[in-house]
Amino acid sequence: MRKLLLSLLVVALCTPMMAGAKKQADKDTQQFRYDIECAGNAVQGTYLVKVWSYSKKANIAENQCRKNAVHGVIFKGYGGGQGCVSQRPMANMPGVETQYKEYFDSFFAEGGEYQKYASIIEGSTEVVKVGKEYKVGKIVSVRKDELRKALEAAGIIKGLNSGF
Amino acid sequence: MKKYIFTLAMMLVALVASAQIKKPEIMVIPSDVWCISNGYYTEVENMGMTTKVPNYKQALQENMGLKLAIAKINDLMAERQFPLKSLEQTLKNIEQQRMEDNLTMSKSGNELAESPLDEVARMAKADIILELSWEMKDFGPKHSLTYILEARDAYTAKTIGSSAGTGAPSISADVDVLLEEAIVANMDNLNNRLMDHFTEMQNIGREISLDIKVFANNSRGIDLESEFGGEELVDLIETWLQLNTVQGRFTREYSSENVARFTQVRIPVYDERGRAIDANGFAKQLTKHFKGEPFYIPAKVLVKGLGRAVIVLGEK
């Protein structure tokens, strides 16, 4: 009986904490606060990017890196230099994010489709404390060919052979 | 009933076909500078001057790196549903065609007539040319690859876009590995430029240039300042261009009584019958207009490639 009460107490205490963490994560995700840079030449069909995500909690920033990498490839692009080639954003028409808000809300939702297109390179994590928050850097491999095909299929971007 | 359905189906097919623009053909060729610096050229005597002309056949037969680069670019373009036209196959076809033409004779022993201009037009096979160059550079024990891929519109010879850069230095990687790496890293940027070009072409037509000249002492006794209904011929030509170019886009670069030069002329990709047109086709439409009432001006159209035409007025 005591064990049961203890378990219930633990659950009751943890739930608001988890909900708070999720809320913080959602807030940071919605803002898409990150920097993206080239991390080297990747294998065919992928981009290798380094993403720096910001949050008050290091683990949240860490979790956001995959999402931010995909977001960056679609909407931001990144600069080149030192053997790296700069890339234009995949969806470079103004207002595209707002125009397809419903699609992207579901795409970038927790456990959303974005996960299919990004994987973290193990051992690439860097954590820097900047004032009251953490800046977490990770190298992410983004499967850009598959991502482009998905966006073309959804009618968000045009294929090279569209109109012919 | 069956006939009705068949006619309806045919109309639907024609409608779908006419709504689409002919897919431009793209071909990769090694650049002149690459061919010459690697010894793949032949020397041609031209009016007392020796000119180096790239020998693509020799380059393809002797340089494995070139074949690998073309295969890799083709692979990446095919992935975007845009397979390339093969340079090697085109060269073989031209050779085969030339051999067949040489063997073709009429019963009375006459050979086929082909002017040098016909041959130039026959050789211009692709709509877009991708010119490829690369060079290895050594920095002590390390070496890196400098790479340029430039897309050119075969109609106007204008650059559509290019991707260029020097890769990260490496000690162990050989030229083929570095070349493949450079192509993979740079191809998306070039495709973005191609995409911009295609969008522009679909929106505002193909770009050509048009020269109008007059035969001296022609039988009609006209020049570009001759008046028809109170208007000079050159102004009437301009009015025709205004009506027949996409959004009235063209520039009168120069005009005199004997010569008028129109540049940045944006022609529709298709004529009213749904056929793809180039500078030659567009020039023929113009001459047809001025052959009729009230002008009755005979004219000759000279083909100068896909994107340039010369019309000579006064005689055929």
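1. Leaving aside neighbours within four places in sequence, A:V142 is in contact with A:T46, A:Y47, A:V49, A:A69, A:V70, A:V73, A:Y117, A:A118 and A:L147. The model is a predicted one.

2. A:V142 also belongs to the largest nonpolar core, which has 96 residues. The residues with the most contacts inside this core include A:V142, A:V49, A:A69, A:V70 and A:V73 from chain A, along with B:I73 and B:L130 from chain B. Helix 7 of chain B gives the most to the core, with 12 residues. Domain 1 and domain 2 of chain B each supply at least three residues to this core. In soluble globular proteins, nonpolar side chains tend to be buried together.

3. On the overall make-up of chain A: there are 5 helices and 5 strands, and from the N terminus they follow the order α-β-β-α-α-α-β-β-β-α. Of the 164 residues in chain A, 29% are buried. Among contacts in chain A with a separation of 6 or more, 61% are between residues 24 or more positions apart.

4. Confidence in chain A needs a remark. The average pLDDT is 85, and 82% of the residues score at least 70. Helix 1 (residues 2-31) of chain A has the lowest confidence in the chain, with a mean of 58, whereas helix 5 (residues 144-153) has the highest, at 95. Where pLDDT is low, the predicted coordinates should not be read in detail.

5. The contact between the chains involves 13 residues from chain A and 22 residues from chain B. On the chain B side, helix 7 (residues 175-204) provides the largest share, 12 residues. By class, that side has 8 nonpolar, 9 polar and 5 charged residues.

6. Chain B is assigned two domains: domain 1 covers 22-95 + 115-202, and domain 2 covers 205-313. Taken over C-alpha atoms, the centres of these domains are 34 Å apart.

7. Some backbone details in chain B deserve a look. A cis peptide bond, with omega about 0 degrees, joins B:E293 and B:P294. B:P294 sits in the loop between helix 9 (279-291) and strand 12 (299-303). B:Y296 lies in the loop between helix 9 and strand 12 of chain B, and has a positive phi of about 50 degrees although it is not a glycine. B:Y296 is exposed, with 10 other C-beta atoms within 10 Å.

8. B:Q264, also not a glycine, has a positive phi of about 50 degrees. B:Q264 lies in strand 11 (residues 259-267) of chain B and is partly exposed, with 14 other C-beta atoms within 10 Å.

Conventions. Residues are numbered from 1 along each chain as its sequence is written. Chains are lettered from A and ligands numbered from 1 in the order in which they are written. This is a predicted model: local features need pLDDT of at least 70, side-chain atom pairs count only at pLDDT 80 or more; totals for chains, interfaces and linings use all residues. Helices (H or I, at least four residues) and strands (E, at least two) are DSSP runs, numbered from the N terminus. A residue is buried if 20 or more other C-beta atoms lie within 10 Å of its own, exposed if 12 or fewer, and partly exposed in between; C-beta atoms are placed from the backbone. Two residues are in contact if their C-beta atoms, placed from the backbone, lie within 7 Å. Ala, Val, Leu, Ile, Met, Phe, Trp, Tyr, Cys and Pro count as nonpolar, Asp, Glu, Lys and Arg as charged, and the others, Gly among them, as polar. Domain bounds come from an automatic or database domain assignment. A nonpolar core is a set of buried Ala, Val, Leu, Ile, Met, Phe, Trp, Tyr and Cys residues joined through C-beta atoms within 7 Å. pLDDT is the predictor's confidence in each residue, from 0 to 100.
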